[in-house]
Amino acid sequence: HEHRLGAVIILTGRFGKNQKEVYAFYLKNVRAGRVNNWDIVDSSAHKIIGPYLFDKPRDVLFELADNENLWQRRVAIISTFYFISKGDSSTALELAEKLLNDPHDLIHKAVGWMLREVGGRVEENILIEFLDKHVCEMPRTMLRYAIEKLPESKRKIILWTVMILVGILLFFFWAKSAQKGLKSFPKQEFIEKLQAPDFKKELEQAPQPEMPKLEIPEPTEEE
């Protein structure tokens, strides 16, 4: 690990003298899986790939972002730090959208970091617009990193918005689930089990009590 870290630091120092050769050599090693730790990536990607591609097509970054290798995806997003430092947030935002659903925490942190830098180095409103569009999709770590440097009042608004939206979504899914459960509920069987007895029929079938006959004597003439 230390040898690879030392090698990329040397490469960043030589980049200014022979950009094309250093870029090609570095990218070859990225694809070979030798740039394979967060500190190796973070100390080199934005110093080699970023400046080399600044005025060139950036398709290679999207290829790296599509790769199943974690470190290649991190190289892609960290490389945009150079573009951001020059006031260009376009590629960072495109890659951030692409990596929103990435499963790995180290990508969540890297994307959140780049979004934070967009808000701090380019324009805060660009970050706010991105959050307005994607806040419900963003993993918690990514969101936390992205809003870290925003004013406290704005952070609170964003977090409360997320909580409210999540609550609404949970209620919606609960309502759908309850509706589905009611549709499958055996209503007829339930009604039959709870059906009130037919009191008229019950009374007709009940034994009729015999009332005793009372004989009242007729009054005599003497009375």
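In this predicted model, helices H7 and H9 run roughly parallel to each other, because their crossing angle of roughly 20 degrees falls under the 35 degrees that sets the limit for this class. H7 covers residues 90-98 and H9 covers residues 124-134, and the two axes come within 12 Å. The handedness of this crossing is right-handed. On the H7 side, the contact is formed by Leu 93, Ala 96 and Glu 97, and these meet Ile 126, Phe 130, Lys 133 and His 134 on the H9 side.

H7 also packs against helix H6, which spans residues 70-85; here the axes lie 8 Å apart and the angle is about 155 degrees. With an angle over 145 degrees, H6 is therefore roughly antiparallel to H7. The crossing of H6 and H7 is left-handed, whereas that of H7 and H9 is right-handed. From H6, the residues in contact are Ala 76, Ile 77, Thr 80, Phe 83 and Ile 84, and their partners in H7 are Thr 91, Ala 92, Leu 95 and Ala 96.

Conventions
Residues are numbered from 1 along each chain as its sequence is written. This is a predicted model: local features need pLDDT of at least 70, side-chain atom pairs count only at pLDDT 80 or more; totals for chains, interfaces and linings use all residues. Side-chain values use heavy atoms; hydrogens and water are left out. Axes are lines fitted to C-alpha atoms, for helices over the stretch in contact, and angles run from 0 to 180 degrees between N-to-C directions. Helices (H or I, at least four residues) and strands (E, at least two) are DSSP runs, numbered from the N terminus. Angles under 35 degrees count as roughly parallel, over 145 as roughly antiparallel, 65 to 115 as roughly perpendicular and the rest as oblique. A crossing is left-handed if the near helix is turned anticlockwise from the far one by less than a right angle, and right-handed if clockwise. Contact means heavy atoms within 4.5 Å.
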